[in-house]
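The sequence and the structure are shown first.

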Amino acid sequence: MTNATSFIDHDRINSTLAAAKTPSQAQLSEILARALELKGLSTSQIAQLLQVTDPDQLNSIFDTARQVKTGIYGQRLVLFAPLYISNLCANDCAYCAFRIRNKKLKRRALRQDEIRREVEVLINEGHKRILLVAGESYPAQGLQYVFDAVDSVYSVKSGKSGSIRRVNVNIAPLSVEEFKALKAHNIGTYQIFQETYHLPTYQKMHLAGPKKDYVWRVEAPDRAMQAGIDDVGVGILFGLYDYKFEILGLMEHIAHLESRYGVGPHTVSVPRLEPACGSDVSASPPYPVDDTTFKKIVAILRLAVPYTGIIMSTRETARIRRETFALGVSQLSASSRTNPGGYSENDRDFDQAQFSLGDHRSLDEVIADLAQMGYIPSFCTACYRLGRTGDHFMELAKPGQIKFMCDPNALATFTEYLLDYATPATRDLGTKMISEKLTQIAQTNPQMAQSAQKMITEIESGKRDVYI
Ligand code: SAM
Ligand code: SF4
């Protein structure tokens, strides 16, 4: 088969997969020892791990992933909410309710005042980070509509510590010039999922519209980076094609970005196909990924690209989300709606959502659950505001220095949340947890505990948005 692009080499992926055998115990130990060095793995090692199905071998992979996760990310988990501004779309993606052919969907692009109303709801729940999402078609203003929406999000001030401090964006691919204009609106990460790296499947799933162009999409992160957006997020929609091929496709993509720009993606998203109105494909995915395989995917990604964030959305149930946190997840959404206007109108109509969700809990419920599990919920946005993005971020992350900032910032932003938005029960739980964490940190790193305590004291005395 012909290669789709110079860097997603289908023949190479297929031959790596064909050569990969289930590892012996000795081979597995060797690969996992290598993973613990936190330098990633070769594609043939990844392909071998992907073959594993034996429960004992899987448990060894999970144990190693847990060690890597804790070593790099500690107990922090960063929270965000998606904000769907528009469901207008010119594409016919077979898996999505926003596809142009779905006539059941009421088309709607929120006005800027409606966007501000949605943001107010999210701020008053306690959110500080938003992922702005839209279909691939904009109202009369064109792309300016998205730029205005980003400005609208940042403009809202509400409640005690209330504003959104980082807007990440998940929209259709842009040209370099358009990406430059988007960056000028102060966005955080630009996110784009290739959906499937497998060209024939890509062609089958994208039936009409600009998204049919595989190469234009797979090269979007290149153009974003060329435009100076150095935090880029990538992803795979699991269920469309063989997950083993997809993971190796992703590795080809990451290797390409690393060699070309000196830094790979900031995050990887791992959505699984969920039922969507007007989509037969979503009702019966051609390559369904079961829960055990899904956990294996998260764990292998954690070992393969240890410094790349992994995002877990509310597509998944609370149970699966809980099980994947320790295996590698670093960011999660909470209290999400996938229909424009869904927050302020409290709309949960399946026919109007992009796809159905598995976790419907409020932010407060998710936070209480995380705290009970020993995680530190974080709303930190310090890195991108201090220019610690792209390779500057990696320069700090790889020698392990970033966590000296992340832990104090997480505890400080969690304190803000507890004081300003939490229910009394969550506040009690969180406050107790923060004091236990401070004691623990003080035992190994008194300086870090001191800087965290200083920020917490400032917040308790009324200061907001404190970070290092
Ligand atoms: N329209 C833009 C695009 O396609 O790139 C923006 C993002 S789209 C609204 C967000 C993502 O939702 C898609 O990239 C796709 O991976 C995911 N998605 C679409 N349909 C889905 C479904 N049925 N289940 C789970 N995720 C889905
Ligand atoms: Fe449109 Fe994106 Fe849905 Fe495709 S996935 S139909 S491009 S909103």
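## Overall form

The structure is a predicted model. The protein contains 20 helices and nine strands. Its radius of gyration is 21 Å, close to the 23 Å given by the globule rule for 468 residues, so the protein is as compact as a globular protein of that length. The C-alpha trace spans about 65 × 60 × 35 Å along its principal axes.

## Two domains

The domain assignment divides the protein into domain 1, residues 71-382, and domain 2, residues 400-460. A distance of 28 Å separates the C-alpha centres of domain 1 and domain 2. To the contact, domain 1 contributes 28 residues and domain 2 contributes 19 residues.

## The contact between the domains

The size of an interface is often given as the accessible area lost when the parts come together. Domain 1 and domain 2 bury about 1900 Å² between them, and 58% of this area is on carbon and sulfur atoms. On the side of domain 1, the residues that lose the most area to domain 2 are R76, D364 and I376, which together make up 30% of what that side buries.

Polar and charged pairs also join the two domains. Two salt bridges are counted between domain 1 and domain 2, and seven residue pairs are in polar contact, with both residues at pLDDT 80 or more.

## Salt bridges

In total, 31 salt bridges are counted. In one of them, the side chains of E252 and R12 meet with an N to O distance of 2.9 Å. E252 belongs to helix α11 (residues 243-261) and R12 to helix α1 (residues 10-19), so the pair ties together parts that are 240 residues apart in sequence.

A further salt bridge is formed by the side chains of E416 and R165, with an N to O distance of 3.1 Å.

## The surroundings of R348

Where does R348 lie? R348 is placed in the loop between β8 (331-333) and α15. When residues up to four places away in sequence are not counted, R348 touches R337 and H360. The C-alpha atoms of R348 and A20 are separated by 44 Å, and these two residues are 328 residues apart along the chain.

Technical notes. Residues numbered from 1 in each chain as written. Chains lettered and ligands numbered in written order. Predicted model: local features only at pLDDT ≥ 70, side-chain atom pairs only at ≥ 80, totals over all residues. Heavy atoms only, no water. Domains from an automatic or database assignment. Contact = heavy atoms within 4.5 Å. Buried area = accessible area lost by both parts, 1.4 Å probe. Salt bridge = Lys/Arg side-chain N within 4 Å of Asp/Glu carboxyl O. Polar contact = N/O pair within 3.5 Å; in protein donor to acceptor, adjacent residues only side chain to side chain. Helix = DSSP H or I, 4+ residues; strand = E, 2+ residues; numbered from the N terminus. Rg over C-alpha atoms; globule rule 2.2 N^0.38 Å.
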